[in-house]
Structures are given as C-alpha cells and as structure tokens.
Amino acid sequence: MKKIELHLHLDGSIRPSTISELLQINIEEAKNLMIVSNNNSTLKEYLEKFDIPLKVLQTKENLTRVAKELVEDLLKDNVIYAEIRFAPNKHTKNNLSLDEVITAVLTGLKSNLLKTNLILCMMREDSFEDNLKVINIAKKYLNKGVVAIDLAGNEALYPINNYEKLFAIAKQEHIPYTIHAGEADGPTSIKNAIKMHPKRIGHGIRAIEDLDTINLIKNENITLEICPKSNLDTNIFSKLEDMPIKKLYDLGLNITINTDNRTVSNINLTETYKILKNTFKFNDKDFLKMNTTAILNSFLSENEKKELLNKLLE
C-alpha cells in the first residue's frame, strides 16, 4: 500500500549499521544505544536514544548520508511522500552553519523516486534567539526543500504560551507550522497550541480526555499526526488496546498515521498498519482515507497535492 508520512524525525531514524560503521562499534551495541527497550517506562530513556545520533550528525557528509539512507528506507516501505523534521541548531556543535546543515540534508534527500520536504524544529528548551534563527533559515529555504517549522521538546516543562511571539513572527512571514502537543502533556496543551493557529498537531492523542478539546480540533479543522508505537514507547499508554486512535477516527477527526522515530521505536509504516489492522480492525479503505487526509493536510501546494492524490490512487 502506498503511504504518506508526515511526522518523522531524521535523528530518530538512522540505521544502526551506519552508527556501527561511523563509531566503529559492533551492531548490537549500536542497537542498544539507539533502540528503546520493550520495558521502557520513561520519556527520559526514550530521549537518551538521540544522544548517539546527534553526536554523529555534526558533519555535512554524515548528514547527507543519513538523509540518503532514510530515503532508501522510506522507498522500501512504499512511502510516496514524506515530511522529515529535525532541529538544525542541534547540528552546529562542530561549527557547521545552519545553511550548511540544511543543504547537506537536502542533498541527501534529493531523489527522483521519492518526494520529500523538510520541517525545521524549534526546541522548547532553546532560547528565543536560537529559535528565531530556525524561523529565519526556514524563510530562506521555504518552498526550496523546506515547507514548515515545528516546536518540539518537553511540552510539560515548557508551556506553549512562552512561544507566542515566535509563532506570530512565523505567521507574519507566511511560514506554515505544526506543534508537538497532547503527548507528554494533556488536553490543555493541545488547546493552548491551537491558540497559535497551527495547521497540524504533532501527536495530539490525549485530546480524547476532553470533549471540548475534541470539538475545538474539529472546529478549527486541525489534523493530528498520530504516532502509535512511540506513544507506547514513552509509556503514554501501557498497551496498544488502550490507545484512542479508533475513537478519534470514529469521531471524525483528521487522523494521519506516522512512525515518529523509525529506529528508536524499531518500526516502519507497514508494520504500524498491520498492528492497527489487527488491534482496531482498520481496513484498507480506512488507511486510504488516512493517507488522503495526510496529502490534503500536508504542507504542499494545491497542485502538488493533486499530483500526489493521483499517485496514491493509481
């Protein structure tokens, strides 16, 4: 089945074999450092899995390589369009400029077989000045491989209201955005994120806890970027059956299915679909609807959306 992926972190989707080679460690050690354990109980352990990838992703060569390999992995998963996100400020420790970081990743993503775009992440723990740099570099590359910005990081520790001025600037510059919310924090974080007028919410799974939030998402026509496996891995739900994916879908919300971090969560979209099919009895028609929703609410132009819809239905 052809698939769309809208919520996918570059640094959480590196091949363990690449890390093994670059750091000259054995493959099992690389996997232990990069893939979350089945009995993981905290967001902290999950986030620690990004330490090694970020250590490696400080050169143009490595950024280009992992982007290229991710394209290959997405093609094997029969993905026909992906919006890949990462925080460019995290890749400047060895004095790469933001321009060098962005162009290195775009070079790796270049492919005649798969359409991709970048979403650049501001981080909640970063300063206003650093996050403003992300907005400025996004503006420079907007519609030249970059299509939007995001706000990621620990939502429970850093309330969304702190970033109101940044989103006002992004809006003024006509830069689209999505916001991580309703994952580590509850429905209030979603309501507060919606005050910033995003097109989409990253995760948003905890909307189910509050009817007003569900109605707000509906009324504002917000799309949710649901990431089932990573929500299990961060212990938001103890088992898949407890996840309200089917409930949110049946309530008529705009639902898209994503992996979040292919390596950290040790998952791809094909496996995700199989799990959802077995657990919630979703069928191919449901997945087609979700992929159509993903295209219609992607950060593509209207013409590109039409082309992609035709490709999905071929």
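**Contacts, core and sheet**

Leaving aside neighbours within four places in sequence, I find Leu 118 in contact with Ile 84, Phe 86, Ile 102, Val 105, Leu 106, Leu 109, Gly 145, Val 146, Val 147 and Ala 148. I note that the model is predicted.

I next looked up the largest nonpolar core, which has 79 residues, and Leu 118, Leu 120 and Ile 149 are those with the most contacts inside it. Helix α6, residues 98–109, gives the largest share of this core, namely 7 residues. I also recorded a second, separate core of 10 residues, which includes Tyr 81, Ala 294, Leu 308 and Leu 312.

I then turned to the sheet, an open one in which 8 strands follow the order β1-β2-β3-β4-β5-β6-β7-β8 with parallel pairing. Because β1 (3–9) and β8 (254–257) stand at the edges with a single partner strand each, one side of each is left without a neighbour in the sheet. On average, and with direction ignored, neighbouring strands of this sheet are turned by 25° against each other.

Helix α8 (residues 164–172) touches β3 (115–123), β4 (146–152) and β5 (177–181), and its direction makes about 155° with that of β5. Helix α15 (residues 302–313) touches β1, β2 and β3, and its direction makes about 130° with that of β2.

Note on methods:
Residues are numbered from 1 along each chain as its sequence is written. This is a predicted model: local features need pLDDT of at least 70, side-chain atom pairs count only at pLDDT 80 or more; totals for chains, interfaces and linings use all residues. Side-chain values use heavy atoms; hydrogens and water are left out. Two strands pair if DSSP finds at least two bridges between them. Helices (H or I, at least four residues) and strands (E, at least two) are DSSP runs, numbered from the N terminus. Axes are lines fitted to C-alpha atoms, for helices over the stretch in contact, and angles run from 0 to 180 degrees between N-to-C directions. Contact means heavy atoms within 4.5 Å. A nonpolar core is a set of buried Ala, Val, Leu, Ile, Met, Phe, Trp, Tyr and Cys residues joined through side-chain atoms within 4.5 Å. Buried means under 20% relative accessible area, exposed over 50%, partly exposed in between (1.4 Å probe, protein chains only).
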